[in-house]
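Me: I am new to this structure and would like a close look at one part, the place where the two chains meet, followed by what surrounds it. Could you walk me through it?

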Amino acid sequence: MMDSMTQKAGIIAAAAFGVVLVSTSGYSSVSAQGLPEGFKKGELAAEPSAEMIEAGKRVYFTKCVWCHGVDGAGDGPGADRLWPRPRNFNQGTFKIRHTASGELPLFDAKKPIPGQNDLFETVTHGLPGSAMPPWEGILSEEQRQQVLSFVTTQLVKDRKFTDKQSESQTVLQLADLKPKPATDESKKRGGELIVEKKCVECHGMEGRGDGNAFNLKDDWGFSIQPANWHKCWNFRGSRQDPYNVSNIFRTFSTGVNGTPMPSFADNTSVDERWDIANFVNSLCERDPLGNPLPIDPLTDKPKINFVIPSDMVEGEIPTDLEHEAWKKAPKRYVAMGGQITHKPRNFVNRLDDIWVRSLYNDKHIVYLLEWDDRTKSVAEGKLPWAPTQVNIDIKEQDPKTGEEGSIAAHQNNYTVYNDAIAIETAVKWKELPAPIKPRYLFGTNEQFPMDIVKWEADGSLRAFKGTGWDKDFEERDNYEEAMKLLKAEWKNGRWYVMIQRPVGNKKDQDYDEDTFFEVGQYIPTVFFAWDGHNGDAGRKMAVSAFYYTFMNPPVPQETYIYPVVIAVGVVLLEGWVLTRRSNKKKGKTL
Amino acid sequence: MKALMSLGALIGVAGLLLLGGMIFDVVPSNTVRLVEGYMPIQLLLEVACFVIGFTGLSYMMNAMGMALPRFWQGIGFWIFLMVYLKYRVYPPIPFSVRAMYGTVGLVTVFMWVSANEEDWSKFKRPIMNVLDAQTGMNRLLRYVYLVLIPILIGGFSFNAMMPKSEEPIELRTVHPAPPASTKVHGKTYTLQTSQNPYRVNPDGKYDQEFSNANIVEQGMGRLMKPNANPWDEKNQGYLKYVREGGEIFFQNCHFCHGDNLNGRGLHAFAFNPIPANFTDPGTIAQLQETFIFWRVSKGGIGLPNEGFPWASVMPPWEQHLTVDEIWKVVLFEYWHTGYYPRTWD
């Protein structure tokens, strides 16, 4: 074993050697031992004990078998409705590792140590953005090690974790590699490198995962999408610590086995890899001050604020995103789940969040909706149904892999419909006793209808009345003329849509159909989104929970007057108490 | 006595350090984890530990001649309580509820310091000293208070009057009253008399004892009993149906209720509130199997008017599943969480 000094010297020597290589062959950062920079040879771990394996079987058949299947082939009963699919263990292909591309991950049944046991960390923290949950707090540390002992020895069938002949371990020394500070210079260099190293070909010009979104397949022939760098909480390797740059560095260094994501260890230096990681990390959504978004430990997604505040502007509402008013307007994260309540259910939901901002003036309210969608989808020709139709002929996928109509067969192979978004607000929300809300899905009934404004990628902006999840929409007379589409643009994997509608009042509008937006009130609001390339149409869509639109009232005068009055009152009170006390001491009575 | 008290003091110091460390992220915030399902009792025990700790601490400090005045003890304990409620309890409780606890806590502290005349005069001594301002220090303090109190109160009222857009608090009924009977797929089920047709022994007879003997074990992990593997091909009766129920669960329900039935499925993050956690002893463990059958069949939309506000997007599963499938899913949910359904007798 080298001590850290000689090791550092070794790295410096290797780097120097790399420089020499660059000038001669253009092939950099391979050390003298033929290992990529930052890696070191490791030892294969010993086989887990028979007791561990037997105990692990019990854990596996209670918790894991339902998705990963009896033989660990990733074909349990839950598998066919999941995308990404559960891991097929048989080939020993694992995504998140500290080991070189193609190698087995680190696993040692005796060492549940972060950084030295990849599989243990995967089970502990789960794989965000997939159905694999974090098992920490559910299974004990020992139980997690036991089940992994079972999986690695019994269900990994094509390879053997202990076979010195066929397996090797080349381990990324992440603990010894100090992250490079994320300076502007480092991020700038990273931004240039992702173009040079062709990352943008798959991940897209803005890193939203929109490049080459249709031709990528994993080792099993299933279609697969590049990661969206703006949603670091969905990175499989984020280890419940999404803003940690080391995770990106690790994935970039080791590649993702079984997918088209290669390891870049051989053609980038450690320094370059930190630049790239810093750049990618800087793209992840942050708050206006540039701080990481707070993550909800219950869901491992950004914390949700269910109030969408709308600020007042004087005069026309600006349409330019760079305008001061839009930059100041608070931006809200709206979480979107698949509509899995009524048929056809949307099990594989491609749109998992929308960012919403809002402004209003005396006549109109404008919503600015931004969401990532890897594909711009506009249906070719006329759709076979009317815009008002909800009960349309879209089949729910059969839960059988490989067969016609299954999710696996359909993935990236749907008839393309329109991308679309809708804002649903409650009509007569004031008549609902305090906490009651109408049903989120297109309204409850004729008595509690919903006001639905829907934009579709064909450029249409329509207004409907919804009276129940299974009822077709009703057209609203000439309301559309009062609305205006201020912006609808798809750029590098993101939609920017700006919808203007009247705030409404009793005089000009229809009380039974239109929502009146009243300043200082909580107006129940739901969002729907459709991804045309995912075959989304009708009820097959993404939905949000109930949010509230809240138009911030101007600050009333009293706010500045009363506190002063109160403070003065307190001063007088103090005077009275003091006088009384001193009089009492002097023996006087008041 | 002294040994006992010093032990108490030790607990107090250790507890305070741990709590402080967890709040300020010196040690990982999950060092002492809140155990799901046992949280209320755990919190009560923790607070009890702290009270013992404080008693010990106060005794020791007294013995060492560094007694803390009763005034500061009272205020200190109340502050501790508020900090504990704000930072320890997760998921966080809304301010209005904390304010309620705070008031109750304040009253308790007040009762404690005014338990007898002597205590009361000890408590109000520091206040009187500042009012009288006999020493330079107290005079300084008096002026500081004279200026600070109006500013603070003015500031608070300004803050309170500023228009805000906080989330309105929503109440909901957790277990709405069930109807006497429910009609699913054309057949009427009386909730009081219906039984799960799959809770049967290998001979096909309804057998609660047999099924209770084969559910998963309580305790960490909630693992299946050895030799009671639902995936064993030879199973007849209960365990066979558990497996079939599990297959249905993992094709339909886990998207929201989660792989571990704890309400943290793939789509759960988009919900408000997040879906029901069956591992919590307050959900299915409190209910009869027929109640679950009714809730699953009719979903959120089928809740009675008294069940308002709904705040449930649970689908009416009769649209998607057969009666047999629903019974099997219910069976699986009890198996996987290790709870016995409540019975009518």
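Reply: Happy to! The contact takes 62 residues from chain A and 53 residues from chain B, where two residues are in contact if their C-beta atoms, placed from the backbone, lie within 7 Å. This is a predicted model, in which local features need pLDDT of at least 70 and side-chain atom pairs count only at pLDDT 80 or more, while totals for chains, interfaces and linings use all residues. Residues are numbered from 1 along each chain as its sequence is written, with chains lettered from A and ligands numbered from 1 in the order in which they are written.

On the side of chain A that touches chain B, at least two residues each come from α2 (50-68), β5 (307-312), β7 (337-338) and α11 (558-585) of chain A. These names follow DSSP runs numbered from the N terminus: helices are H or I, at least four residues, and strands are E, at least two. The most is given by α11(A), with 13 residues. By class, this side of chain A has 37 nonpolar, 15 polar and 10 charged residues (Ala, Val, Leu, Ile, Met, Phe, Trp, Tyr, Cys and Pro count as nonpolar, Asp, Glu, Lys and Arg as charged, and the others, Gly among them, as polar).

Next, the core. The largest nonpolar core has 168 residues, and M336(A), V366(A), F528(A), A529(A), V330(B) and L331(B) touch the most other members. Such a core is a set of buried Ala, Val, Leu, Ile, Met, Phe, Trp, Tyr and Cys residues joined through C-beta atoms within 7 Å, and buried means that 20 or more other C-beta atoms lie within 10 Å of a residue's own. With 10 residues, α2(A) gives the most to this core. Leaving out residues up to four places away in sequence, L331(B) touches N196(B), Y198(B), R199(B), Y241(B), V242(B) and G245(B).

Finally, a helix pair in chain B. Helix α3 (residues 70-87) and helix α4 (residues 95-113) of chain B pack at an angle of about 160°, with their axes 10 Å apart; axes are lines fitted to C-alpha atoms, for helices over the stretch in contact, and angles run from 0 to 180 degrees between N-to-C directions. Therefore α3(B) and α4(B) are roughly antiparallel to each other, a term for angles over 145 degrees. Residues of α3(B) that include F77(B), W78(B) and L81(B) meet residues of α4(B), among them Y101(B), G105(B) and L106(B). By class, this contact of α3(B) with α4(B) has 10 nonpolar, 3 polar and 3 charged residues.

Terms used. Buried ≥ 20, exposed ≤ 12 C-beta atoms within 10 Å, placed from the backbone. Parallel < 35°, antiparallel > 145°, perpendicular 65-115°, else oblique.
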